[in-house]
Amino acid sequence: MTARRIISLSWAAGVLALAAATSPAVGISRDESVYVEAAASYARFWPEAIRDPARVLATADRRYAPNHEHPGFAKGLFGLTRTALFDIAGVTGEVQGSRAGAWLLASFLALLLSLWGCELAGTLGGALAPAFFFLVPRNFWHVHPAVLDLPVTALMLATTYAFWRSTSASRGRLSTAGWAFASGLLLGAALGTKHNAWFLPPVLACAWLVGSFRGRQESHGPASEGAVGTVRGHRFPWALVAMAVLGPVVLVATWPWLWHHTLPRVQAWLGYHLHHENYPWMYMGTLLREPPFPVAYPVVVTALTVPAAILVAMVGGLLQSAARIVAAWRGRAPAVSIPTEWLLLLSSLFPIALIAWPSVPHFGGVKHWLPAMPFLALLGARALVTTGRLLWPARAGAVTGVLALLALAPAAWQVAHVHPFGTAAWNEIAGGAPGAATMGMQRQFWGDSTVAVLPAVNAHAAPGARVWFQETTALAARQYQRDGRLRRDLAVAAGPEDADVSIWQYHQEFRDREFRTWTEFRTARPVAGVLLDEVPLVQVYARPGAWR
Amino acid sequence: MNEHPDPRGPTYRLPSPPPPDPTGWYELRRRARTVWPPGDRAWASLFALAVSAAGLFGLWFQATLPGRLPSPTDWKAAAAVITREARPGDAVVLAPPWAERAREILPERIPARPEVALPILAFPSLDPEEDLRGVRRVWLLSFPGAPGGTGPVASRLAPRAASVEGPMQLGQLELTRYDLETPVLPLWSLVDRLPSASVQTRDARVTAETREVGFLPRSCVVARWSGPGLDPVVIRLASLPLGISLVGRVALAGNAPGGGASVRVKVDGVEVARADATPGRPAGQPLRFDASRLPPASHEVTVEIVPSGPVPGGVCIDLAALP
């Protein structure tokens with residue numbers, strides 16, 4: 001086995017093991033609670049469809065009725081792992097069993113990043129690229145829940161990688177047609193995971209087009225022979241054709257909800273996202289409710305959440321890529337593949353630019369431009385490797401190693417420090433959670449922090465107490481109960497007026513609910529809480545006598 | 001071997017003189033061109049320096065952060081001081097405002113007078129119109145070492161204080177007492193008088209609550225309409241002294257979307273102040289009436305609330321008479 005393969009497989013195995021080990025501490029987020037239920041329902045579809053093929057459409061309508069705001073591929077995978085690990089083997093609870101599907105895709109992401117890192121910057125690049133992605137605390141948090149953002153990021157990276165391999169000289173064992181076919185299948189899986197994958201083919205086509213203009217560069221470098229962007233007398237990007245054909249086929253095949261009434265259901269699905277609600281969101285002391293939203297938002301939030309040294313490396317990588325295009329354009333860098341550089345640059349910048357658009361809803365932390373992060377990680381890793389080679393060619397590995405240690409050690413520290421509160425992670429430029437709270441940034445989202453007060457609630461809540469979980473859904477509360485993490489005698493309340501115990505999660509837009517709790521319980525004094533660096537994330541209130 | 005040209009020969013020319021450069025600009029440009037654009041190694045050095053600096057900054061930040069924030073012992077010490085020293089008319093103000101662990105640790109009532117509350121206030125900034133009603137002394141509890149600083153509250157409290165005691169250092173906490181120069185002590189407030197007031201309504205519910213107005217908790221009287229009917233609410237307070245002014249605020253509780261409401265204040269049947277609660281104005285609208293020209297006798301005060309549409313969160317009305 002080659003060193004590259006060992007590194008890539010080690011990364012894949014390491015991410016899978018780490019995700020499984022650190023996942024139980026991460027709470028159930030709002031969307032996850034819905035996807036876990038949906039996955040359980042989707043998993044029952046296939047056996048029922050095989051048993052009674054004549055009624056397959058009716059079965060599809062029934063089993064895929066939960067949550068058709070998003071397609072079926074990733075949730076189907078969550079259902080598969082849940083069936084295997086929870087229903088059949090009984091080695092996990094239902095939530096961790098569903099999450100295993102997400103961990104597998106995170107592991108796939110690590111493998112791809114390492115492989116592509118090796119292609120771009122040698123074995124050191126392959127070793128560093130996944131670290132630049134997974135040691136960003138918010139990215140690390142997204143490894144765990146059974147939600148769609150990291151899966152679609154992994155599948156978009158995979159599609160882009162297959163596209164790149166199909167059109168460049170480094171094709172490996174597969175032919176151009178093989179990689180094109182793979183990119184079509186992978187795009188289908190990405191489309192079957194989340195709708196932001198629809199933006200991928202235009203970005204790839206754009207990279208191919210702009211990469212075809214090579215200025216004074218007379219010949220291609222070894223990595224770009226017959227490369228992505230060549231037009232006259234060179235290879236056509238057949239991968240785009242494969243994507244156009246196979247993408248929708250895989251989408252429909254993995255989402256039986258679309259097996260009839262296809263067009264109106266696709267229209268309803270996309271229409272939902274075109275007119276998505278704007279959830280209120282705190283940004284620089286202002287509660288954003290309606291467009292136009294600030295254009296700088298994704299750039300500022302990225303700059304305040306990615307650990308500073310990784311951020312510097314990523315920005316350096318972007319500048320290096322742009323400089324390589326300019327040098328090649330001027331005919332000074334014959335070895336540089338202009339199309340590859342464009343592909344990396346556009347893939348890094350487009351997801352951020354898309355969310356910067358003022359009418360696009362701004363919520364959910366960094367998750368909506370997460371697909372940019374693997375490419376920024378690749379560029380950052382390559383920039384560090386290049387720096388080592390330039391500064392001390394004879395000891396390039398050692399120089400890169402020292403720089404990588406300086407860049408990654410504080411990030412690893414931060415990941416360990418904020419876990420499992422990844423949605424509340426802010427970097428040292430922001431001043432961590434305290435600095436971000438002073439700045440008036442969104443403190444957290446998705447209701448997963450509740451998990452940290454469950455032991456206190458189990459220990460102190462009066463028997464049969466009614467608990468208001470606020471941002472945590474009733475579905476999540478029941479999943480905690482079924483997984484044995486919340487007492488079964490506790491009931492779910494609809495609001496503070498109806499509750500004995502209130503688990504209030506800090507959201508500026510819902511502050512009135514906390515004050516209603518004060519009125520209702522006749523106290524403003526919490527009985528328990530969760531704080532990250534003294535910043536309250538969750539505060540538990542109780543009626544007199546309901547907390548023992 | 002190179003031959004020198006014959007200075008007397010026909011082809012010899014003197015080299016052209018350098019262009020006049022009285023300002024030194026051309027020389028500067030010539031020199032700049034020797035250093036710009038930098039070579040690849042220079043860029044790599046700069047990049048390595050930036051990554052190293054950012055990495056070291058990150059390590060320093062992570063290593064020092066816990067030491068910049070208060071420990072449980074610091075909190076216990078602050079609670080002990082406030083428990084010992086607090087008296088009616090005191091309030092605790094937090095700086096930075098997110099330091100709300102204080103609510104869990106500090107006493108909720110004055111220990112020596114359990115019937116009196118000890119308000120814990122968390123203002124992002126202390127605006128001039130924030131009158132700290134009912135407060136004589138402020139205990140400013142701050143984290144001077146917190147990343148992002150403690151905000152502007154201390155600098156805005158200082159001009160209002162007749163005397164300042166402290167700061168007392170309690171580990172990473174600082175406790176400073178500000179004795180306000182002109183405390184605003186109301187003669188009465190609508191919230192306190194609600195139990196004895198006459199309330200006329202068909203299907204609205206009128207209660208005293210703590211609700212969110214402009215991101216802050218405010219004690220106010222909330223009128224809420226549960227059914228489809230939107231009949232006005234009339235709250236009548238009989239026989240009250242007015243002092244020199246009536247002040248208050250009207251807002252939609254929780255800035256909930258929906259319709260608005262108009263609030264009229266009448267003294268002895270004559271409208272003296274009016275304000276509207278409308279969506280999109282989270283801090284509401286002030287109510288103010290100069291009562292200094294009225295005779296110092298007791299008066300009847302009426303508050304009329306007229307909704308203009310469904311108000312799901314309710315209308316929050318705060319009204320007080322200042323001496």
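Modeller: Welcome! A disulfide here is a pair of cysteine sulfur atoms within 2.5 Å. This is a predicted model, where local features need pLDDT of at least 70, side-chain atom pairs count only at pLDDT 80 or more, and totals for chains, interfaces and linings use all residues. Residues are numbered from 1 along each chain as its sequence is written, chains are lettered from A in the order in which they are written, and side-chain values use heavy atoms, with hydrogens and water left out.

Biologist: How many disulfides are there over all chains?

Modeller: Cys220(B) and Cys316(B) are joined, with 1.9 Å from S to S. Over all chains, the count of disulfides is 1.

Biologist: Is the disulfide of Cys220(B) and Cys316(B) left-handed or right-handed?

Modeller: Look at the torsion about the S-S bond, which is about -115 degrees. The disulfide of Cys220(B) and Cys316(B) is therefore left-handed.

Biologist: Is Cys118(A) buried or exposed?

Modeller: Buried means under 20% relative accessible area, exposed over 50%, and partly exposed in between (1.4 Å probe, protein chains only). Cys206(A), at 36%, counts as partly exposed. Cys118(A) has 2% relative accessibility, so Cys118(A) is buried.

Biologist: Which residue's backbone oxygen lies 2.8 Å from a polar atom of the side chain of Thr254(A)?

Modeller: A polar contact is a pair of N or O atoms within 3.5 Å; within protein, one must be able to donate a hydrogen and the other to accept it, and residues adjacent in sequence count only if both atoms are side-chain atoms. The Thr254(A) side chain reaches the backbone oxygen of Leu251(A) at 3.3 Å. At 2.8 Å, the backbone oxygen belongs to Val250(A).
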